[in-house]
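Open your viewer and follow along. Each stop says what to select and what is there.

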Amino acid sequence: MLNNIGVSGLVIILLIALIVFGPAKLPLLGRAFGDTLREFRSSTRGIVDDEQPASSADKKEDVQKLL
């Protein structure tokens, strides 16, 4: 979806955001979005890290059942 947005599309989006939110609020919104994205990534990494050991333990149990 975002692959089709060119430079002109990004410029139009930034201009609309500047008009809607104003120059004072735009850096604050960008910072808040970055913080939210960083927290989301760290949470998903934690979930994935929790799932990987459980799946390897299940594989070991499956192998032992087969033997």
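This is a predicted model: local features need pLDDT of at least 70, side-chain atom pairs count only at pLDDT 80 or more; totals for chains, interfaces and linings use all residues.

Residues are numbered from 1 along each chain as its sequence is written, and side-chain values use heavy atoms, with hydrogens and water left out.

**Whole chain.** Show everything. The chain has one helix and zero strands. Helices (H or I, at least four residues) and strands (E, at least two) are DSSP runs, numbered from the N terminus. Areas come from the Shrake-Rupley method with a 1.4 Å probe; for residues, only the protein chains shown count as cover. Of the 67 residues, 3% count as buried. Buried means under 20% relative accessible area, exposed over 50%, partly exposed in between.

**Nonpolar patch.** Select Ile12, Ile16, Val20, Phe21 and Leu29. Together they form a nonpolar surface patch of about 480 Å² accessible area. Patch members have over 30% relative accessible area and no salt bridge; nonpolar side chains are joined within 5 Å, like charges within 9 Å. Now pick Val20, in helix H1 (residues 7-66). Val20 counts as exposed because its relative accessibility is 58%.

**Charged pair.** Select Arg38 and Asp35. They form a salt bridge, with the closest N and O atoms 2.9 Å apart. The rule asks for a side-chain nitrogen of Lys or Arg within 4 Å of a carboxyl oxygen of Asp or Glu. Arg38 and Asp35 are three residues apart in helix H1, so about one helical turn separates them.

Methods:
Buried means under 20% relative accessible area, exposed over 50%, partly exposed in between (1.4 Å probe, protein chains only).
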